[in-house]
Amino acid sequence: MTSSTRPLLNRRLAEFGTTIFAEMSALALRTGAINLGQGFPDTDGPEEIREAAVRALRDGRGNQYPPGPGIPELRAAVAAHQERRYGLSYDPDAEVLVTAGATEAIAATLLALLEPDDEVIAFEPYYDSYAACIAMAGGTRVPVTLRPYEGSFRLDLDELRAAVTDRTRLLLINTPHNPTGTVLTRAELTAIAELAVERDLLVVTDEVYEHLVFDDAEHLPLATFPGMRERTVTIGSAGKSFSFTGWKVGWVTSTQELVTAVRTAKQYLTYVSAGPFQYAVAEALRLPDAYFDSFRADLQRKRDLLGDGLRAAGFEVYQPQGTYFITTDITPFGDKDAYAFCRALPERCGVVAIPNSVFYDDPNAGRSQVRFAFCKKDDVLAEATSRLQRLAS
């Protein structure tokens, strides 16, 4: 036991405690509530991909350390996927890096590219690891808030332009956006690209929900826009696209210079991971378009199922264009504190959700917002919405 009065936790991480996901998942276990908080499916992905992982294990492929950049088969599959889906050409040997999920990709990228006090602009509310990774890299986060507009959340481009200063190093973009479900439009992405080129900014794009876009929304990688391939680090993940979140297989695509920089940091984090699963994900990325179309249609149906139930229960619902989350507002219930609402919800209704206030620098900005995940079985969603009807009575 140390007798020093100096705080044990690094000052950069002093503002961070146990994640809201751990807290709410523990609450779900303690109360037996339906967990619509943490974003993981309750069913596995394609059986043939799971069997591909088993086959790799049995064949002894990946049971020892895989190559640092990732196995060649997966890097080739990532490059082929980017070419086939978006017309982006990457050299699998020099411009693709496999990571331990997208979270490590974000951490390694920020650690590699930021100097102390560099400013990073991120769209708020943001996935909680963004703030922690920026802090660990010694950067300064500058939020640009997506605000409710006509039933969804939108970006204010004037606010984005005003946030850029001489200290701005990079933009951290997430589209489709967690937690709001916003999918940036072609016009918005064009403006972002023009700003990045004009101000000579690096851009990191978190595109893990690239295959989960609904209605008439379209996912457009920022790297496809003029002047952006050479300054953009694109991050993808198998977890969200194939419903194997526990495998933790992600990747980075960019120029050789940027990928080399990210690999320099990544090699001192996990070094390598998920050996046998890399072979399976390589096969998954080669699945036909019919898989992705069916997957998207199934999630859109689940979105509508939960959204209709939330509206019937009395929530104000912001219709997501992507991801597998629905953001709601609890003001119609006379409540304004989402954190207190979510802590009480398991006892009141037997359902767990996440308060969006934890995704804002200023908690008051999202104080009345609550996020629900709809990547669950139909009967689970139906039971959850049935329980939530108690709020309307």
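What does the accessible surface of the protein chain come to, and what share of it belongs to carbon and sulfur atoms? The accessible surface comes to about 16500 Å², and 49% of it belongs to carbon and sulfur atoms, with areas taken from the Shrake-Rupley method with a 1.4 Å probe and, for residues, only the protein chains shown counting as cover. The model is predicted, so that local features need pLDDT of at least 70 and side-chain atom pairs count only at pLDDT 80 or more, whereas totals for chains, interfaces and linings use all residues. Residues are numbered from 1 along each chain as its sequence is written, and side-chain values use heavy atoms, with hydrogens and water left out.

**View 1. The whole protein chain.** The protein chain has 13 helices and 15 strands, which are DSSP runs numbered from the N terminus (helices H or I, at least four residues; strands E, at least two). Its C-alpha trace spans about 60 × 55 × 50 Å along the principal axes. The radius of gyration of the protein chain is 21 Å, which agrees with the value near 21 Å that a compact globule of 393 residues would have; the radius is taken over C-alpha atoms, and the globule rule is 2.2 Å times the number of residues to the power 0.38. Of the 393 residues, 57% count as buried, where buried means under 20% relative accessible area, exposed over 50%, and partly exposed in between (1.4 Å probe, protein chains only). Among contacts (heavy atoms within 4.5 Å) between residues at least 6 apart in sequence, 75% join residues at least 24 apart.

**View 2. Strand 10 and its two antiparallel partners.** Strand 10 (residues 250-253) directs Gly250 and Val252 one way and Trp251 and Thr253 the other way, and all are buried. In a regular strand the side chains alternate between the two faces of the sheet. Four bridges join strand 10 to strand 2 (residues 96-99) in an antiparallel arrangement, with threonine 253 as the bridge partner of valine 96. Strand 9 (residues 232-237) likewise runs antiparallel to strand 10 and is joined to it by four bridges, and here glycine 250 is the bridge partner of serine 237; strands are taken to pair if DSSP finds at least two bridges between them.

**View 3. The salt bridge of glutamate 104 and lysine 266.** The structure holds 25 salt bridges, each a side-chain nitrogen of Lys or Arg within 4 Å of a carboxyl oxygen of Asp or Glu. In one of them, the side chains of glutamate 104 and lysine 266 meet at 3.1 Å, N to O. Glutamate 104 belongs to helix 4 (residues 101-113) and lysine 266 to helix 9 (residues 256-266), so the pair ties together parts that are 162 residues apart in sequence. Both glutamate 104 and lysine 266 are buried.

View 4. Arginine 301 counts as partly exposed at 38% relative accessibility, and aspartate 378 is partly exposed at 30%. Lysine 302 also meets aspartate 378 in a salt bridge (2.9 Å, N to O). Salt bridges that share partners join Asp298, Arg301, Lys302 and Asp378 into one network, in which lysine 302, at 9% relative accessibility, counts as buried.
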